[in-house]
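Colleague: Before I set up any calculations, could we go through the fold together, piece by piece?

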Amino acid sequence: MAALDQLIDALRRLPGVGPKSAQRMAYHLLLNDRSGAQALAATLSQALSRVQTCARCHGFSEDPVCGVCSDTRRDPGLLAVVESPADQAVIERSGSYKGYYFVLGGRVSPIEGRGPRDIGAEALLHRATDGQVREVILATSFTAEGEATAYLLGEALKAQGLLVTRLARGVPVGSELEFVDLGTLAHAFADRR
(Lines give C-alpha, C1' and ligand atoms only; values in the text may rest on other atoms or scores of the structure.)
Protein backbone atom coordinates (compact mmCIF):
# COMPACT_ATOMS: atom_id res chain seq x y z
CA MET A 1 0.00 0.00 0.00
CA ALA A 2 3.00 2.36 0.08
CA ALA A 3 2.48 3.26 -3.60
CA LEU A 4 -1.18 4.13 -2.95
CA ASP A 5 -0.26 6.28 0.06
CA GLN A 6 2.39 8.07 -2.03
CA LEU A 7 -0.19 8.76 -4.76
CA ILE A 8 -2.62 10.19 -2.22
CA ASP A 9 0.12 12.35 -0.71
CA ALA A 10 1.12 13.56 -4.18
CA LEU A 11 -2.47 14.50 -5.04
CA ARG A 12 -2.77 16.41 -1.76
CA ARG A 13 -0.12 18.82 -3.05
CA LEU A 14 -2.69 20.27 -5.45
CA PRO A 15 -4.37 23.47 -4.23
CA GLY A 16 -7.71 22.91 -2.58
CA VAL A 17 -7.28 19.13 -2.35
CA GLY A 18 -7.59 17.72 1.12
CA PRO A 19 -6.96 14.16 2.31
CA LYS A 20 -10.43 12.85 1.44
CA SER A 21 -10.46 14.40 -2.02
CA ALA A 22 -6.98 13.09 -2.73
CA GLN A 23 -8.02 9.60 -1.61
CA ARG A 24 -11.16 9.77 -3.76
CA MET A 25 -9.12 10.83 -6.83
CA ALA A 26 -6.51 8.12 -6.27
CA TYR A 27 -9.14 5.41 -5.89
CA HIS A 28 -10.99 6.64 -8.97
CA LEU A 29 -7.87 6.65 -11.12
CA LEU A 30 -6.73 3.22 -9.98
CA LEU A 31 -10.14 1.57 -9.99
CA ASN A 32 -12.06 3.22 -12.83
CA ASP A 33 -9.65 5.07 -15.09
CA ARG A 34 -6.23 3.47 -15.36
CA SER A 35 -5.80 4.75 -18.92
CA GLY A 36 -6.63 8.26 -17.67
CA ALA A 37 -4.05 7.83 -14.91
CA GLN A 38 -1.45 6.78 -17.51
CA ALA A 39 -2.32 9.80 -19.67
CA LEU A 40 -2.14 12.11 -16.65
CA ALA A 41 1.27 10.74 -15.65
CA ALA A 42 2.65 11.00 -19.20
CA THR A 43 1.27 14.50 -19.74
CA LEU A 44 2.60 15.74 -16.41
CA SER A 45 6.02 14.29 -17.16
CA GLN A 46 6.01 15.88 -20.62
CA ALA A 47 4.96 19.28 -19.23
CA LEU A 48 7.71 19.15 -16.61
CA SER A 49 10.34 18.53 -19.27
CA ARG A 50 9.02 21.00 -21.87
CA VAL A 51 7.46 23.96 -20.06
CA GLN A 52 9.82 26.68 -18.89
CA THR A 53 9.52 30.37 -18.11
CA CYS A 54 9.67 32.95 -20.88
CA ALA A 55 12.92 34.91 -20.79
CA ARG A 56 11.02 38.16 -21.33
CA CYS A 57 7.80 38.00 -19.28
CA HIS A 58 8.45 35.01 -16.97
CA GLY A 59 5.17 33.34 -17.98
CA PHE A 60 4.98 29.72 -19.10
CA SER A 61 6.30 28.76 -22.52
CA GLU A 62 7.77 25.82 -24.38
CA ASP A 63 10.09 28.22 -26.21
CA PRO A 64 12.68 30.62 -24.77
CA VAL A 65 10.29 33.51 -25.59
CA CYS A 66 6.53 32.91 -25.39
CA GLY A 67 3.97 33.55 -28.12
CA VAL A 68 2.64 36.69 -26.42
CA CYS A 69 6.09 38.27 -26.18
CA SER A 70 6.83 37.26 -29.79
CA ASP A 71 3.64 38.90 -31.09
CA THR A 72 4.68 42.17 -32.76
CA ARG A 73 1.03 43.27 -33.10
CA ARG A 74 0.83 43.96 -29.36
CA ASP A 75 1.36 47.43 -27.88
CA PRO A 76 4.96 47.66 -26.57
CA GLY A 77 4.03 50.70 -24.49
CA LEU A 78 1.76 48.70 -22.17
CA LEU A 79 3.10 46.33 -19.53
CA ALA A 80 0.69 44.49 -17.21
CA VAL A 81 2.23 43.13 -14.02
CA VAL A 82 0.52 39.96 -12.78
CA GLU A 83 1.25 37.58 -9.93
CA SER A 84 1.11 34.28 -11.82
CA PRO A 85 0.86 32.67 -15.24
CA ALA A 86 -2.74 31.80 -14.30
CA ASP A 87 -3.53 35.53 -13.93
CA GLN A 88 -1.93 36.18 -17.32
CA ALA A 89 -4.03 33.42 -18.90
CA VAL A 90 -7.27 34.86 -17.47
CA ILE A 91 -6.50 38.32 -18.86
CA GLU A 92 -5.62 36.82 -22.24
CA ARG A 93 -8.90 34.88 -22.36
CA SER A 94 -10.80 38.13 -21.77
CA GLY A 95 -9.44 39.48 -25.06
CA SER A 96 -9.44 42.97 -23.56
CA TYR A 97 -5.71 43.61 -23.25
CA LYS A 98 -3.26 43.96 -26.14
CA GLY A 99 -0.03 44.87 -24.39
CA TYR A 100 2.74 42.75 -22.89
CA TYR A 101 3.10 41.15 -19.45
CA PHE A 102 5.50 40.68 -16.60
CA VAL A 103 4.77 37.69 -14.35
CA LEU A 104 6.06 38.17 -10.81
CA GLY A 105 5.75 34.55 -9.72
CA GLY A 106 4.25 35.54 -6.39
CA ARG A 107 3.49 38.51 -4.22
CA VAL A 108 5.03 40.29 -1.27
CA SER A 109 4.16 38.52 1.97
CA PRO A 110 6.02 39.57 5.12
CA ILE A 111 4.38 36.71 7.05
CA GLU A 112 5.92 34.19 4.63
CA GLY A 113 9.19 36.12 4.44
CA ARG A 114 8.76 37.20 0.78
CA GLY A 115 9.85 40.70 -0.10
CA PRO A 116 10.20 42.63 -3.38
CA ARG A 117 13.47 40.88 -4.25
CA ASP A 118 11.80 37.48 -3.95
CA ILE A 119 9.21 38.30 -6.61
CA GLY A 120 11.51 39.77 -9.24
CA ALA A 121 11.12 43.49 -8.56
CA GLU A 122 14.57 44.19 -9.96
CA ALA A 123 13.83 42.32 -13.19
CA LEU A 124 10.53 44.20 -13.47
CA LEU A 125 12.28 47.57 -13.12
CA HIS A 126 14.75 46.54 -15.79
CA ARG A 127 11.96 45.41 -18.13
CA ALA A 128 9.79 48.48 -17.50
CA THR A 129 12.63 50.93 -18.19
CA ASP A 130 13.53 49.46 -21.58
CA GLY A 131 12.57 52.73 -23.33
CA GLN A 132 9.39 51.34 -24.89
CA VAL A 133 7.07 50.99 -21.89
CA ARG A 134 4.95 54.09 -21.28
CA GLU A 135 2.42 52.63 -18.82
CA VAL A 136 2.72 49.86 -16.24
CA ILE A 137 -0.61 48.36 -15.20
CA LEU A 138 -0.47 46.75 -11.77
CA ALA A 139 -2.83 43.78 -12.11
CA THR A 140 -2.13 42.10 -8.78
CA SER A 141 -4.92 40.65 -6.67
CA PHE A 142 -6.94 42.76 -4.25
CA THR A 143 -5.81 40.82 -1.18
CA ALA A 144 -3.68 42.46 1.50
CA GLU A 145 -0.55 40.91 -0.06
CA GLY A 146 -1.58 41.93 -3.59
CA GLU A 147 -2.24 45.49 -2.46
CA ALA A 148 1.12 45.64 -0.66
CA THR A 149 2.83 44.29 -3.76
CA ALA A 150 1.11 46.88 -5.97
CA TYR A 151 2.03 49.69 -3.60
CA LEU A 152 5.72 48.76 -3.31
CA LEU A 153 6.13 48.15 -7.04
CA GLY A 154 4.14 51.25 -7.91
CA GLU A 155 6.37 53.48 -5.82
CA ALA A 156 9.53 52.01 -7.36
CA LEU A 157 8.15 52.35 -10.89
CA LYS A 158 6.94 55.92 -10.34
CA ALA A 159 10.43 56.81 -9.09
CA GLN A 160 11.65 55.79 -12.56
CA GLY A 161 9.27 58.32 -14.14
CA LEU A 162 6.79 55.74 -15.43
CA LEU A 163 3.02 56.11 -15.57
CA VAL A 164 1.64 53.51 -13.16
CA THR A 165 -2.01 52.49 -13.11
CA ARG A 166 -3.96 49.89 -11.12
CA LEU A 167 -6.78 47.63 -12.23
CA ALA A 168 -10.17 49.06 -11.36
CA ARG A 169 -12.34 47.41 -8.73
CA GLY A 170 -16.06 47.34 -8.59
CA VAL A 171 -19.32 45.49 -8.81
CA PRO A 172 -19.09 42.32 -10.93
CA VAL A 173 -21.04 42.28 -14.18
CA GLY A 174 -24.38 40.56 -13.74
CA SER A 175 -24.48 40.87 -9.96
CA GLU A 176 -27.21 42.37 -7.81
CA LEU A 177 -26.21 45.07 -5.36
CA GLU A 178 -27.82 43.42 -2.34
CA PHE A 179 -25.39 40.49 -2.71
CA VAL A 180 -22.19 42.50 -3.27
CA ASP A 181 -19.86 42.60 -0.27
CA LEU A 182 -19.50 45.97 1.46
CA GLY A 183 -15.81 46.41 0.64
CA THR A 184 -16.40 45.92 -3.08
CA LEU A 185 -19.36 48.30 -3.00
CA ALA A 186 -17.32 50.96 -1.19
CA HIS A 187 -14.51 50.70 -3.76
CA ALA A 188 -17.04 50.85 -6.61
CA PHE A 189 -18.35 54.16 -5.27
CA ALA A 190 -14.87 55.56 -4.60
CA ASP A 191 -13.51 54.53 -8.02
CA ARG A 192 -16.60 55.44 -10.06
CA ARG A 193 -16.09 57.11 -13.42
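Colleague: Into which domains is the chain divided, and what distance separates their centres?

Modeller: In this predicted model, the chain is divided into domain 1, which covers 3-50, and domain 2, which covers 57-166. Taken over C-alpha atoms, the centres of domain 1 and domain 2 are separated by 32 Å.

Colleague: How are helix H1 and helix H2 oriented to each other, and what is the handedness of the crossing?

Modeller: The axes of H1 (residues 2-12) and H2 (residues 19-32) come within 8 Å and cross at roughly 125°. As for the handedness, the crossing of H1 and H2 is right-handed.

Colleague: Which residues meet where H1 contacts H2, and how do they divide by class?

Modeller: On the H1 side the contact involves Leu 4, Leu 7, Ile 8, Leu 11 and Arg 12, and these meet Pro 19, Ala 22, Gln 23, Met 25, Ala 26, Tyr 27 and Leu 30 in H2. Divided by class, the residues of the contact of H1 with H2 are 1 charged, 1 polar and 10 nonpolar.

Colleague: At what angle do H2 and helix H3 cross, and what is the make-up of their contact by class?

Modeller: The axes of H2 and H3 (residues 34-50) come within 5 Å, and they cross at roughly 115°. H2 contributes Leu 29, Leu 30 and Asn 32 to the contact, while H3 contributes Arg 34, Gly 36, Ala 37 and Leu 40. By class, the contact of H2 with H3 has 1 charged, 2 polar and 4 nonpolar residues.

Colleague: Which residues does UniProt list for the C4-type zinc finger region, and how far apart are the end C-alpha atoms?

Modeller: The UniProt record, an unreviewed entry, lists residues 54-69 for "zinc finger region: C4-type". Over residues 54-69 the chain is 19% helix and 12% strand, with the end C-alpha atoms 8 Å apart.

Colleague: Which residues does the Toprim annotation cover, and what are the helix and strand percentages there?

Modeller: In the unreviewed UniProt entry, the annotation "domain: Toprim" covers residues 77-172. The end C-alpha atoms of residues 77-172 are 28 Å apart, and over this stretch the chain is 34% helix and 20% strand.

Colleague: Which classes of residue make up the contact of helix H6 with helix H7?

Modeller: The axes of H6 (residues 121-128) and H7 (residues 144-158) come within 11 Å and cross at roughly 40°, which makes H6 oblique to H7. In the contact, Ala 121, Leu 124, Leu 125 and Ala 128 in H6 meet Leu 153, Ala 156 and Leu 157 in H7. By class, the contact of H6 with H7 has no charged, no polar and 7 nonpolar residues.

Note on methods
Residues are numbered from 1 along each chain as its sequence is written. This is a predicted model: local features need pLDDT of at least 70, side-chain atom pairs count only at pLDDT 80 or more; totals for chains, interfaces and linings use all residues. Side-chain values use heavy atoms; hydrogens and water are left out. Axes are lines fitted to C-alpha atoms, for helices over the stretch in contact, and angles run from 0 to 180 degrees between N-to-C directions. Helices (H or I, at least four residues) and strands (E, at least two) are DSSP runs, numbered from the N terminus. A crossing is left-handed if the near helix is turned anticlockwise from the far one by less than a right angle, and right-handed if clockwise. Contact means heavy atoms within 4.5 Å. Ala, Val, Leu, Ile, Met, Phe, Trp, Tyr, Cys and Pro count as nonpolar, Asp, Glu, Lys and Arg as charged, and the others, Gly among them, as polar. Domain bounds come from an automatic or database domain assignment. UniProt positions are given in the numbering used here, feature names are shortened, and annotations may be inferred rather than shown by experiment. Angles under 35 degrees count as roughly parallel, over 145 as roughly antiparallel, 65 to 115 as roughly perpendicular and the rest as oblique.
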